[in-house]
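Q: I have a model open here and would like to go through it with you piece by piece. Could we start with the strands and then see where we end up?

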Amino acid sequence: MLMHLEPHPNLKRLSVIGYRGNQFAGWLSSLKHLVEISLYNCPKCEYLPKVDRLLINLKRLTLANLGSLQFITVTDKDNGCEELSLERVKISDCPNLTSWWKLGAHSATVFSAISELVVENCPKLVSMPLFPKLDNKLVLDCSNMKPLLNTLRYQSTGSESSPPLSELKNLTIRGCKDLKSIEGWKHLSSLEKLHISNCTGIDLPTEEWEGLQALEDLIIEDMPKLNYLPEGIKRLASMSLITLEIKSCPELTTMLDFGEDLYSFTFILIEDCPKLASLPDSFKANRFFTPLRTHNCPLLEGWN
């Protein structure tokens with residue numbers, strides 16, 4: 001039925017749910033006025049039919065549960081365009097998606113207006129447009145980290161350009177087991193919330209924390225090898241950090257001593273850290289420090 005539809009040529013929003021064919025109808029590429037495309041639960045679709053011209057004007061793209069999808073654009077370039085105007089992109093549960101393009105990477109192509117990028121359960125996606133100007137939310141959940149690392153290395157040719165991701169406000173990295181380290185996040189000067197969870201191989205850096213001068217909320221969760229928190233986090237307490245959550249870190253044995261900056265916090269949670277046996281002097285000085293909550297930390301007697 002989908003193949004025989006004749007949508008209005010000025011259609012602006014298209015949503016397809018549960019399509020079982022292995023390719024979409026050719027009329028999709030003729031809808032030049034589309035600003036939003038959403039495709040859900042299309043298990044046999046391997047690619048989208050010549051959407052290159054659509055991507056120039058498209059503002060929102062959602063691809064979810066496309067189990068056979070291998071790439072997004074058939075041709076080897078985005079219609080010669082180096083900047084895509086997409087504002088919101090969500091790609092989730094596309095386990096075979098490897099690249100935005102059929103024929104390799106295009107390091108010169110960037111999202112020029114993107115505000116929100118969410119990539120979930122796409123472990124093979126290693127090549128896509130870079131997103132140095134992303135300004136609101138980035139979520140990488142059980143997905144490949146190469147697009148993020150490539151973006152952090154991006155160097156613009158403009159004389160007044162700012163460092164990549166310097167406008168980003170919210171970053172969540174979850175379940176990215178291939179992530180070993182992050183270099184370049186000292187430039188995330190607008191970041192307000194950082195959530196790192198279940199990244200079993202990561203080595204949190206000691207340096208670069210000072211660049212996160214706007215960070216207010218920090219969550220570190222499900223880190224089985226973490227023995228102690230980086231000293232660089234202490235400096236954040238004197239600048240902007242007001243909430244701190246440390247959860248499910250079974251090897252954590254030492255907590256940072258924030259000194260007088262402890263009292264700038266509005267909330268601190270320490271949860272499921274069975275080897276943490278004591279807290280620093282700054283915590284002990286105010287035994288009933290109101291913002292502190294502990295849960296399931298059996299060695300912290302009297303704090304639970």
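A: Gladly, and please keep in mind that this is a predicted model. Strand 1 (residues 13–17) and strand 2 (residues 36–40) run parallel, and five bridges join them.

Q: Which residue in strand 2 is the bridge partner of Arg13?
A: The bridge partner of Arg13 in strand 2 is Glu36.

Q: And which residues of strand 1 are on the covered face, and which on the uncovered one?
A: Leu14 and Val16 make up the covered face of strand 1, whereas Arg13, Ser15 and Ile17 make up the uncovered one.

Q: OK, switching to the core: how many residues does the largest nonpolar core have, and which have the most contacts inside it?
A: The largest nonpolar core has 89 residues, and those with the most contacts inside it are Ile91, Trp100, Leu194 and Phe258. Helix 3 (residues 232–237) contributes the largest share of this core, which is three residues.

Q: How many aromatic pairs turn up in a search of the whole structure?
A: Such a search finds four aromatic pairs. In one of them, the ring centres of Trp100 and Phe111 are 5.5 Å apart and the planes stand at 80°, so this pair is edge-to-face.

Q: Where in the chain do those two sit?
A: Trp100 is in strand 7 (residues 99–101) and Phe111 is in strand 8 (residues 110–111), eleven residues apart, so to speak of this pair is to speak of a link between distant parts of the chain. Trp100 and Phe111 are both buried.

Q: What about Phe258 and Phe265, what kind of pair do they form?
A: Phe258 and Phe265 also form an edge-to-face pair, with 5.0 Å from centre to centre and 65° between the planes. Both Phe258 and Phe265 are buried.

Q: New topic: where is Asn144, and is it buried or exposed?
A: Asn144 is found in the loop between strand 10 (137–141) and helix 2 (146–152). Its relative accessibility is 16%, which is under the 20% cut-off, and therefore Asn144 counts as buried.

Q: What does Asn144 touch, leaving out residues up to four places away in sequence?
A: With those left out, Asn144 touches Cys122, Pro123, Leu125, Val126 and Asp178. For Pro123 there is a further detail, in that its backbone oxygen lies 3.4 Å from a polar atom of the Asn144 side chain.

Q: And how far apart are the C-alpha atoms of Asn144 and Val119?
A: They are separated by 9.0 Å, while Asn144 and Val119 are 25 residues apart along the chain.

Terms used: Residues are numbered from 1 along each chain as its sequence is written. This is a predicted model: local features need pLDDT of at least 70, side-chain atom pairs count only at pLDDT 80 or more; totals for chains, interfaces and linings use all residues. Side-chain values use heavy atoms; hydrogens and water are left out. A nonpolar core is a set of buried Ala, Val, Leu, Ile, Met, Phe, Trp, Tyr and Cys residues joined through side-chain atoms within 4.5 Å. Buried means under 20% relative accessible area, exposed over 50%, partly exposed in between (1.4 Å probe, protein chains only). Helices (H or I, at least four residues) and strands (E, at least two) are DSSP runs, numbered from the N terminus. Rings of Phe, Tyr and Trp (its six-membered ring) pair if their centres lie within 6.5 Å; planes under 30 degrees apart count as stacked, over 60 as edge-to-face and the rest as tilted. Contact means heavy atoms within 4.5 Å. A polar contact is a pair of N or O atoms within 3.5 Å; within protein, one must be able to donate a hydrogen and the other to accept it, and residues adjacent in sequence count only if both atoms are side-chain atoms. Two strands pair if DSSP finds at least two bridges between them.
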